[in-house]
Amino acid sequence: MKALQRNILDGIGNTSLLPLRKILPSNGARILLKIESENPTGSMKDRMALAMIEAAEADRRLPKNGAVVEYTAGSTGVSLSLVCAAKGHPLYIVSSDAFSKEKLDHMEILGARLQILHSESGGMTEKLTRDMIEAARVITEKTGGFWTDQLRNEDQLSAYHKMAEEIWSQTDGQVDGFVQMVGTGGSFRGISEGLRRHNKKVRSVAVEPAESPVLSGGKTGSHKIEGVGAGFVAPLWQTGLADQIDLVSTEEAMAMAFRLAREEGVFGGTSTGGNVVAALRLAEQLGPGSTIVTVMCDTGMKYLKTYGSKLSRGA
């Protein structure tokens, strides 16, 4: 029986690790999915939001009841909204109509003040990301708030080092490969670093949208896998950390998200679908007996309207 928690923030982390039962590689390799939907907002971003806020509180960059500012595709904003509500910090969020309405509503319900930017293409692009960053900078100047600046903030890495420790413990050290789609680069970097502290031979595969393969040296483009693929190389990205970079299209990621729901009962977002597509590919490379870990980044409940439109077209 779990002990009583002090507050909602104690529910962050220590999530389950689930072996896929039906969506399997042909060679008998094992794919394990870290179920980050068990976090309070249903997203792995709860981990990094708490780490960024507590680090800023500890060194007094963020005073008691001080304001917080961030730009976000949604999940980080929801997680910051939860943390700031629990800790008493006013929160200013810059986001866009390109992203899930459920996430925007969730942020507002938790008390965040939103500025919504229009997206010309309806998807994530480099221009939209840079416009959101600039809007956050302006709000920070006006309010004097603390800008968490997720694309640059290394305080989040400690949260993902802890996540790597969870994975290592849950697998009894049996990890051959790790796969993760790249957004800020923080989770891929932190988990890869953490696993390699135990075993330098763990193969790390970074994944990006096929429509915007900037980490692979390609051209930026529009895609609809929320929370990843900023359209440029994020500052937290470290060249050489990934053993390889894989490309997954929006269509492939969406199709796998539906398969996970229908065949495994695992209802995640499109980035989760992309992770599993790439994990299956890595499993074929590493061969029989290998164990590949990837992440269910968030719950599909954040994308009901997005998925509903897909269903209406006969998916």
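1. Basis of the note. The model is predicted, and local features are taken only where pLDDT is at least 70, side-chain atom pairs count only at pLDDT 80 or more, and totals for chains, interfaces and linings use all residues. Residues are numbered from 1 along each chain as its sequence is written, and side-chain values use heavy atoms, with hydrogens and water left out.

2. The sheet as a whole. Six strands form an open sheet in the order β1-β2-β10-β7-β8-β9, and the pairing in this sheet is mixed. Its edge strands are β1 (17-19) and β9 (244-248), each of which pairs on one side only. Direction ignored, neighbouring strands of the sheet are turned against each other by 30° on average, where axes are lines fitted to C-alpha atoms (for helices over the stretch in contact) and angles run from 0 to 180 degrees between N-to-C directions. Strands (E, at least two residues) and helices (H or I, at least four) are DSSP runs numbered from the N terminus, and two strands are said to pair if DSSP finds at least two bridges between them.

3. Strand β7 and its burial. In β7 (residues 177-181), five of five residues are buried, a term that means under 20% relative accessible area, whereas exposed means over 50% and partly exposed lies in between (1.4 Å probe, protein chains only). In a regular strand the side chains alternate between the two faces of the sheet. Both faces of β7 are covered, with Gly177, Val179 and Met181 buried on one side and Phe178 and Gln180 buried on the other.

4. Neighbours of β7 and β8. Strand β7 runs parallel to β8 (residues 203-209), to which five bridges join it, and Met181 stands opposite Val207 in β8. Strand β7 also pairs with β10 (residues 291-296) in the parallel sense over two bridges, and here Phe178 stands opposite Val293. Strands β8 and β9 pair in the parallel sense over five bridges, with Val205 opposite Gln244 in β9.

5. The crossover. Strand β7, helix α6 (residues 186-198) and strand β8 make a right-handed β-α-β unit, right-handed being the case in which, with the strands pointing away from the viewer, the path from the first strand over the helix to the second runs clockwise.

6. Charged pairs around Arg281. The whole structure holds 21 salt bridges, each defined as a side-chain nitrogen of Lys or Arg within 4 Å of a carboxyl oxygen of Asp or Glu. In one of them, Asp246 and Arg281 meet at 2.9 Å, N to O, and this pair links distant parts of the chain, since Asp246 lies in strand β9 and Arg281 in helix α8 (residues 270-286), 35 residues apart. Asp246 is buried at 13% relative accessible area, while Arg281 is partly exposed at 27%. Arg281 also forms a salt bridge with Glu252, the closest N and O atoms being 3.1 Å apart, and Glu252 lies in helix α7 (residues 250-264), 29 residues from Arg281. Glu252 is partly exposed at 34% relative accessibility.

7. Glu263 and Arg259 form a salt bridge with closest N and O atoms 2.8 Å apart; both lie in helix α7, four residues apart, which is about one turn of the helix. Glu263 is partly exposed at 27% relative accessible area, and Arg259 is partly exposed at 35%.
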